[in-house]
Amino acid sequence: MGWSWRIGRIAGIDVRVHPTFLILLAWVGLTHVAAGDGWAAAVREIGFLLLLFGIVVLHEFGHALAAQRYGIRTRDITLLPIGGIARLERIPEEPRKELVIALAGPAVNVALAAGLFGVLLLGSRTDALANPTLFDGDLLVRLFWVNVWLAGFNMIPAFPMDGGRVLRALLAFGGDYLQATRVAAGIGQGIALLFGLVGLLLPSPLLIFVALFVWIGAAQEGGAAAVRAALGGVPVGRAMVRQFRSVAPEDPLSVVVAVMLDGFQQDFPVVEGGRVVGMLDRTELVTALREHGDHVTVAAVVRPKCPTVHPNEPVEAAMRVLAEAGRQSLPVVRDGKLVGMLTADNLGEFLTVRDALREWKSGHGGGRPWSPWSREVRPGGDGSSPDTVGRTGQVRVELDGGTR
Ligand code: ZN
């Protein structure tokens with residue numbers, strides 16, 4: 001989404017607009033002028049477009065306010081030429097809540113359409129509805145069809161549309177959230193293929209565009225949900241690296257290089273007097289070697305201020321810290337003491353092992369489920385029993401593939 005401008009704040013939620021949206025406004029205005037409709041028509045159509053996006057904002061507020069009921073905040077609502085996006089802080093994985101939040105957007109459009117229909121009915125103008133057009137005619141009629149179209153389009157059962165979330169929530173009532181997402185994403189991609197095919201046959205560039213949009217949305221959601229479902233609620237302490245070497249600020253880089261070549265470790269916590277003072281990662285190290293050689297000390301090249309995470313923190317939250325800091329790994333610190341390292345590679349390993357054991361388990365009709373609860377703390381680890389490592393408990397996760 002890059003950058004966008006804040007145009008207002010409603011109910012504590014920033015409403016932002018992407019610059020490309022202005023291009024759309026200008027384009028609509030200019031096409032009318034170019035077609036010889038005159039400036040008045042151009043201004044009218046720009047006004048209509050603004051009304052249309054006002055309705056999109058209301059739709060997004062439907063989602064945002066429904067989410068607020070469940071204590072989920074919305075970071076902001078952004079208007080793009082293709083529609084609006086309400087950025088929720090998180091997506092609930094309880095199917096009932098997701099269902100309500102997903103339906104709340106289209107419900108706004110249904111309510112608006114019903115209201116407009118009522119107004120048209122009172123004015124005995126319902127016969128104008130026989131011409132379902134968005135592009136000319138009576139303003140109220142156009143707005144009626146805008147709402148019908150928005151509700152209908154958004155209920156297409158494919159990600160990233162609301163209908164995709166509704167479908168996933170309905171499927172998830174039956175059990176596994178990840179499985180539900182996979183099925184919903186599959187159905188979404190099937191629909192995208194169908195749209196693409198019809199778009200090619202007609203031919204309709206708009207339909208092809210929608211097909212692409214849906215295809216990408218389904219793939220993204222499938223991937224994101226897999227990661228989220230796999231890591232949801234797992235505390236850092238269970239997925240962190242426990243065997244690693246740290247370095248001291250006064251160590252020359254040649255020492256770090258020797259340690260790196262000795263083993264597989266690529267990032268090194270920098271520890272001084274028992275406290276973590278930084279993290280020297282592989283990229284930094286290579287850059288420093290290129291610029292300064294291997295005689296300078298770690299202290300001279302390490303980036304100051306490295307964020308740390310607590311072993312009880314959920315991995316999801318830690319991954320956000322990781323991404324925001326633009327790092328490959330983070331020191332895990334408890335009571336000021338370095339107890340582990342969270343690395344992207346290790347998270348991948350954690351998931352691979354768990355998936356493999358899940359498969360084994362499903363093929364062997366049960367058996368003792370593997371769970372990182374039973375991970376042994378090796379000598380030299382943090383010394384705490386695995387049971388006390390990160391019992392966050394707010395988010396349920398079934399590490400043995402049970403039902404959610
Ligand atoms: Zn929506």
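Guide: Donors are N, O and S atoms within 2.8 Å of the metal. The model discussed here is predicted.

Visitor: What makes His59, His63 and Asp162 donors of the zinc ion?

Guide: The atoms concerned are NE2 of His59, NE2 of His63 and two OD atoms of Asp162, which lie 2.0 to 2.6 Å from the zinc ion. The cut-off is 2.8 Å, so these atoms qualify as donors.

Visitor: Why is the arrangement of the 4 donor atoms around the zinc ion called irregular?

Guide: The angles subtended at the zinc ion run from 55 to 151°.

Visitor: What parts of the chain does the pair His59 and Asp162 tie together?

Guide: His59 belongs to helix H2 (residues 38-69) and Asp162 to helix H5 (residues 162-172), so the pair links parts that are 103 residues apart in sequence. The spacing of the donor residues is H-x3-H-x98-D.

Visitor: How do you know whether His59 is buried or exposed?

Guide: Buried means under 20% relative accessible area. The value for His59 is 3%, so His59 is buried. Asp162, at 8%, is likewise buried.

Visitor: Why are strands E1 and E4 said to stand at the edges of the sheet?

Guide: The open sheet has 4 strands in the order E1-E2-E3-E4, with mixed pairing. Strand E1 (5-10) and strand E4 (83-88) each have a single partner strand, so one side of each lacks a neighbour in the sheet.

Visitor: What shows that E3 and E4 pair?

Guide: Pairing requires at least two bridges. Strand E3 (residues 74-80) and E4 are joined by 6 bridges and run antiparallel, so the two strands count as paired.

Key: Residues numbered from 1 in each chain as written. Predicted model: local features only at pLDDT ≥ 70, side-chain atom pairs only at ≥ 80, totals over all residues. Heavy atoms only, no water. Donors = N, O, S within 2.8 Å, 3.2 Å for Na, K, Ca; no water. Tetrahedral: all angles 85-135°; square planar, octahedral: opposite > 155°, others 65-115°. Buried < 20%, exposed > 50% of the residue type's maximum accessible area, 1.4 Å probe, protein only.
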